[in-house]
Every structure is written in structure tokens, then in C-alpha cells.
Amino acid sequence: MAEHAVVIAGAGPTGLMLAGELALAGIGVAVVERRPSQALAGSRAGGLHSRTIEVLDQRGIADRFLAEGQVAQVAGFAGVSFDISRFPTRHPYSLGLRQKHIERILAGWVRELGVPIHYGTEATGFAQDDTGVEVALSDGQRLRAQYLVGCDGGRSLVRREAGIDFPGWDPTTSALLAEVEMTEEPETGVRRTASGMHAIGKIEYEVKDGKVVYKPGGTVGVMLTESQVGTTEPTLNDIREGLIAVYGTDYGIHSPTWISRFTDMTRQAAAYRKGRVLLAGDAAHVHSPDGGQGLNTGVQDAVNLGWKLAQVVKRTSPDGLLDTYHAERHPVAARVLRTTMASVALRRPDERTTALRDTVAELLAMDEPRTHFAAMLSGLDIHYDLGAGHPLLGRRMPDLDLATANGPLRVFPLLHEARPVLINLGAPVELDITPWARRVKAIDAKCDGPWELPELGAVAAPAAVLIRPDGYVAWVGNGTDAGLRDALTIWCGSP
């Protein structure tokens, strides 16, 4: 029986990101994936929000995605798009990039880190005890691990087998999605009817003079809101009938690459952990794709969990550190669920909802509400409750330009190894971290002027900061080391 420290079920964006995080920490990890390869039929979800791009930048791989994606604004609310170009981040934008490419790039990174991905097999069951988890696979093999993480989607077998409740709300609306060929040139763009919103768009395009120009012919993406919630497996004939109902023609559709259905079913796991089994991504939360929040939330789940799980496996931190994963990430996803439910409700085509949508749009034309929603949807406003103190505590560390004895340096490259970082920014002061010297990277640096945070604005520059491997501030110094040892013990293990 093969043994690993961690087994991950699912090689989607969440599972791949978690595998990379664990590998950076030197943890033996294996991924099982039911698909025969990483290839995805169709383009699937698309878009990385600002905070997710920052997370990738923290690991030194953001450029791989930026090289293939299109800088764009792919998020909005109630029909209002948000311009975050003035937000204090090196990535004040969203990135248009389809999930199939996101997964391909992540899988390449994971392979570079030496993580085995077992395609064509999936977890069919497991049993956990006091020392680990034995995982049964569809090919008859068994794996033994200290921990099992379910990144196996909304219908997660891991979640069901663990007996974790998945409460929430049943779907109220559904839409057909397809990528097809058409013999006629379709009417592209968005159309609204009594049944809801519909859209047709070309998959292949290029950007000329800052404008998207679609190529003639080629694969076409179709989205059709159904008049009632669909429950059967969608077919090409369903797409054909839907096009005729909305556009009066099927445009000669043929040769589908991919046909699917999405709904606004909204559910969240009651617990992200049960013993030695954990959940992340869609296995922990599902919701409408409005706003493109799902993939981004899952990747950020992985980055929150990875370093914590690594420290527990290494026994540098107690098992209780894993409980902070649920405590921090469950509220984040709960807010995403509420936001997407509100977004779907505002898309209803009746006159009363239209009046409400117009009213919300007026509010979002105002600076403060617009900034609040933009920060929320971009992920830049996430704030973990680490107690009272400096405004930075529990928030993302800005990627500042630092001056050091060895020359200029950005903050994010300090996080490439997924290790905690202590930056002393004030006058030389004794910050004794000797017991944690092998776990924490410490540097002295200077940074001029106040710091800017999205939505909050300018905050006083601290004398020192302890940054967790996920890029969030765990301790802020005021010129002394008061509280530093406590923070180091909580987040980096006992001395």
C-alpha cells in the first residue's frame, strides 16, 4: 500500500493549488483525479480576480497566467462593472483566462514540484483512524495518508463519506451552457427575455487597439436561461430548441464540444474538517457562477489550508491549527454565497426586480458602496479575525517596495517559498526569533510613507510585521516585540 502524508481527491484548480502549497513545504502529497488527463472538454469557468492573482504572485507563478490571459473586468454586481484600476495593488484588474488553461498551467507547476497526479482513478471510499486515512481507489488500489483532502467538487464523495452536512438552498433557476459550431454567424452579446438573460459569444478572439475582435466562424459559446429549472442531462436538441425560442433560429448548430447546465443551488459544508478529512473548493461550497467567485474562492481555500496542514504534518504545530482553517475560510465563503444569491435575485426579469436592480445600480454609482463591493468581489478586502489592533492585522500584506541592505526588494518574492516572513521596518530593535529561526525568514528593511489598503485607504506604517505564508499579517509591531512570541507560537509552532 502506497503511503503519503496527504492525499488530495481532485485535480481541479483547488486540488492543484493545494498540492503545490504542500510540495513547497516538503510534504509528500499525491493527487487522484477521475479524468484520464488534465484536459477539460470546453473552456469552463474563466477569470482570476485580483487577490487570486496576488496569491499566484506570492508563489512566483503569476506571470505564467498573465502571459496567456487578457486583463479585463470580469466581475460585477447588479449589472454594474467595477473599475479597480486605482486600488493599491500591483494587479488592479481581473484576468480573463478559461479554466482549462488555468488548470493546465497549475498542473505544469505541480509537476515541476514533483507531485504525482494519478489520472483515471478516483477515491471510492475511505476509513480514518487515530493515525491516518486509508483511501480506496476505483482501480482497486489503496493509499494510506495522514490526511485526506476532498477537492472533488460539489458532489464530493469525500464530503458524503465523511458524513459532513451540506445545508443550503435548492435551485430556483438554471441555464444551459454549450460550446458548439454554427453554420450561420450568430448575434453575439446579451439578450434579455421574459425567461431571463441569454448570451452568445465567440470563443476565439484577439485584442486590437484595446478592443476585443471576434474571429469569423469558429467555436461559439452559448448560455440560455431556462424557463424552469432543468433536471435531465442536457442535449444538443435542448440547445437547439432554446436558441429557436430566444433568437428565432438555431443558427445551424452542430458538433458540440461541451454541453452542461448550471443552477443557483447554494450550499456550504457545515464543517470544513472532520478528524483527518478536510474539504476545500466546491466540495465545501457551491453557488451560482455569478461574479466568477467559485474558482477564486477555492484557490484561496487551498492557500489558507496548505501551510497549516504542512506544519501539522511536520509536527511543528499542534493539530488544533487546522481548526483555524474552518474558522477563517467558512465566513469568507458564506459571504460569497449570500452575494451570489443576491446577484441571481436581481437578475429576475419581472418589473419589480428591474426596479430594485436599477435602485441598486444607483447606489453602486456612489463612491463608497462601489468601492466596498469592488474590494469584496476582487477578494482584496478579506479580513481574518486575529483580534484587535493595527488595521493590518488579519489583512493581506501589500506588495510594497522595500529598501534593504542588499538593494530594493518587493514583499511578495519573500513569500515564494511559502514560509512566514518577519520584516523589521523601524529603527533597529531586538526581535529575538532564535527558536523559530529555521521556520521564519527575517529581514530588516525600510519603506517610506503611509500604506494604502483597498477600501480602508491610508494606514499608519508599522514598525514590524509578521506575515503568514498565505500573505496575511499575523502580528504588527509598534517598536517593541510585545506579542511577537505569542504570534509566532500560534502560527509557527512552539519554540
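1. In this predicted model, W169 sits across from T266, a residue of strand β20. The strand β20 covers residues 266–268, and two bridges connect this strand with β12 in an antiparallel arrangement.

2. These two strands belong to an open sheet of three strands, ordered β12-β20-β23, and the pairing is antiparallel. At the edges are β12 (168–169) and β23 (285–286), each of which pairs on one side only.

3. Which residues make the contact between α7 and α8? On the α7 side they are T297, Q300, D301, N304, L305 and K308; on the α8 side they are T324, Y325, E328, R329, A333 and V336. By type, the residues of this contact divide into four nonpolar, four polar and four charged.

4. One of the α8 residues in that contact, T324, can be followed in detail. Its side chain and that of K308 are joined by a polar contact of 3.0 Å. A polar atom of the T324 side chain also lies 2.7 Å from the backbone oxygen of L321. Leaving aside residues up to four places away in sequence, T324 touches K308 and W491.

5. Helix α7 packs with α1 (residues 13–24) as well; here the angle is about 25° and the axes are 8 Å apart. Angles under 35 degrees count as roughly parallel, so α1 is roughly parallel to α7. The crossing of α1 past α7 is right-handed.

6. From α1, the residues P13, T14, M17, L18, E21 and L22 take part in the contact with α7. They meet L295, G298, V299, A302, V303, L305, G306, L309 and A310 of α7. The residues of this contact divide into 11 nonpolar, three polar and one charged. L305 of α7 is listed in the contact with α1 and in the contact with α8.

Methods
Residues numbered from 1 in each chain as written. Predicted model: local features only at pLDDT ≥ 70, side-chain atom pairs only at ≥ 80, totals over all residues. Heavy atoms only, no water. Contact = heavy atoms within 4.5 Å. Helix = DSSP H or I, 4+ residues; strand = E, 2+ residues; numbered from the N terminus. Nonpolar A, V, L, I, M, F, W, Y, C, P; charged D, E, K, R; others polar. Polar contact = N/O pair within 3.5 Å; in protein donor to acceptor, adjacent residues only side chain to side chain. Pairing = 2+ DSSP bridges. Axes fitted to C-alpha atoms, helices over the stretch in contact; angles between N-to-C directions. Parallel < 35°, antiparallel > 145°, perpendicular 65-115°, else oblique. Left-handed = near helix turned anticlockwise from the far one by under 90°.
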